[in-house]
Amino acid sequence: MPLRILVVGAGVSGISVARGLLRDGHDVTVFDQRPQVQAGGGAVTIWSNGATVLRQLGVDMDGAGQLLSSVRVSTSHRRRLATLDVAAMVNRLGAPVRMVARRVLLERLLSGFPVERIRCEARAVNVSRTPTGAQVEFADGSHAQGDLLIGADGLHSMVRHAVGEPDAQPTGWCSWQGLVTLADAVDDPHVAQVIIGEHGNLGLWPAGGADLQWWFDLPWSRDFVRPEHPIDEIRSGFAGWSAGVDRVLAALTDDHLAHSPYPHFRHRLPRPGRGALTLLGDAAHTMPPTLAQGTNQALLDTMVLCRALSELPAGRVDVPGALRWYEKTRRRKVAAVSRVASLQVCHGESVLRPASLLSDRLHTWALTTFLHCTSHHRLATEISRKLAVAVLPSGTSRPALGVTP
Ligand SMILES: Cc1cc2nc3c(=O)[nH]c(=O)nc-3n(C[C@H](O)[C@H](O)[C@H](O)COP(=O)(O)OP(=O)(O)OC[C@H]3O[C@@H](n4cnc5c(N)ncnc54)[C@H](O)[C@@H]3O)c2cc1C
């Protein structure tokens, strides 16, 4: 029996999980408060762990964004700290690492997605458990019922609030960030740069063509007052860190900073849920962008949740049991990623200086091993194999992973 599944939130998380569940033969509806599905902001890094899930979801990422081969990390005094060999990581983890505009990622996720499955202008105001599943109520007074409900409604999730989980807390940092189209800002489009200073850090990550993702991280507190001309402050904090940085600073204006800053938040991981409700993506585990893992973790949630629901024995539908298995399977791994992403060490030049004594190979090995250990590698390999078998020789595919429509 296909399950009737309600997804609140049509961001990257909501569309990804809906895509996976439709693939597996379920009856899915996605609700979003906005008038249309769209993604703003800059670009995100899709690491090998996220790329593996996108491949499982049948999302064609060919030609999207910019493939990366290394990440150079240095100090604001132009002292080299490390170069991460992304190409070696790709070889070991078996999927590429790319920088891609959020808008492009969402477009690719929506390509081939049945749009009639998305209901826009549907702001969820409450969710509850019912004897047979879950229910969502909307601001216009309407409601919908399903066998289960997934809260994929982001950082300030209503679903999270409704199930009694605490709000995200600010970490004390923020990012001024965005995309700029600027030829010649970097020497090599396959190389991303991170520069760490004593009171802030920055990144310049090529995102395809002449697009460049830039960010400047600075301390932030709740009594932050936005300067009248933020670009002046950014320039005074970061000018002279490198020739490329100066070129970017010269090109940016206050308009480029209009949507910034983005304060960094972190959630306490949710306790095991109850009944037919669960959380996914930023609604479950917003974390600082330090490791650039937010979207990738949402994709891993998608993989594990789809697996949990497709392993239900025929005729014995234990939806709450499947949801608790998903939450438990994800918990320790996502907690480790969130903890590392929150380490303040990433913001201090002097603290990081000893890192330059370690070899690039060791740095690369450490990050690759961390991603390997936190990305359900065995499960991912098994799922990819099953999906490959499920594609019929004619090129048409049948529902995978044992769910019979
Ligand atoms: C500065 C910054 C940089 C980042 N860089 C990276 C990076 O390099 N790599 C990376 O992997 N991640 C990065 N992230 C994290 C990444 O953006 C998120 O983890 C990712 O987008 C997950 O999105 P989501 O779908 O869970 O939430 P969102 O994108 O927030 O989507 C939530 C959706 O729910 C809808 N919604 C909300 N409330 C309701 C409601 N009541 N009813 C109906 N709909 C509702 C919203 O309209 C929205 O469409 C970064 C984040 C920040 C802040």
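**Figure 1. Contacts of Val 8 in the predicted model.** In this predicted model, Val 8 touches Phe 31, Ala 124, Val 136, Leu 149, Gly 151, Ala 152, Asp 153 and Val 159, a list that leaves out residues up to four places away in sequence. Val 8 also belongs to the largest nonpolar core, which has 107 residues, and is among the six that touch the most other members, together with Val 7, Val 100, Leu 148, Leu 149 and Leu 280. Helix α9, which spans residues 294-310, gives this core its largest share, nine residues.

**Figure 2. The open sheet that contains β1.** Five strands form an open sheet in the order β8-β2-β1-β12-β18, and their pairing is parallel. At the edges lie β8 (118-119) and β18 (277-279), each of which pairs on one side only. Helix α1 packs on the sheet, where it touches β1, β2 (27-31) and β12, and its direction makes about 170 degrees with that of β2. Within the sheet, strand β1 (residues 4-8) runs parallel to strand β12 (residues 148-151), and four bridges join the two.

**Figure 3. Two hairpins that share β10.** Strand β9 (residues 124-130) and strand β10 (residues 133-138) run antiparallel and are joined by six bridges, with a hairpin of two residues leading from β9 to β10. On its other pairing, β10 meets strand β11 (residues 143-146) in the antiparallel sense over four bridges. Here the hairpin has four residues between the strands, and Gly 141 in the turn has a positive phi of about 95 degrees.

**Figure 4. The shell around the ligand.** Of the 32 residues around the ligand, those that come nearest are Gly 9, Gly 11, Gly 154, Gly 281 and Gly 294. Two or more residues of the shell come from each of α1 (12-23), β3 (43-46), β13 (169-181) and α9, and α9 gives the largest share, four residues. Sorted by class, the shell consists of 13 nonpolar, 14 polar and five charged residues.

Notes
Residues are numbered from 1 along each chain as its sequence is written. This is a predicted model: local features need pLDDT of at least 70, side-chain atom pairs count only at pLDDT 80 or more; totals for chains, interfaces and linings use all residues. A nonpolar core is a set of buried Ala, Val, Leu, Ile, Met, Phe, Trp, Tyr and Cys residues joined through C-beta atoms within 7 Å. A residue is buried if 20 or more other C-beta atoms lie within 10 Å of its own, exposed if 12 or fewer, and partly exposed in between; C-beta atoms are placed from the backbone. Two residues are in contact if their C-beta atoms, placed from the backbone, lie within 7 Å. A residue is near a molecule or strand if its C-beta atom, placed from the backbone, lies within 6 Å of it. Ala, Val, Leu, Ile, Met, Phe, Trp, Tyr, Cys and Pro count as nonpolar, Asp, Glu, Lys and Arg as charged, and the others, Gly among them, as polar. Two strands pair if DSSP finds at least two bridges between them. Axes are lines fitted to C-alpha atoms, for helices over the stretch in contact, and angles run from 0 to 180 degrees between N-to-C directions.
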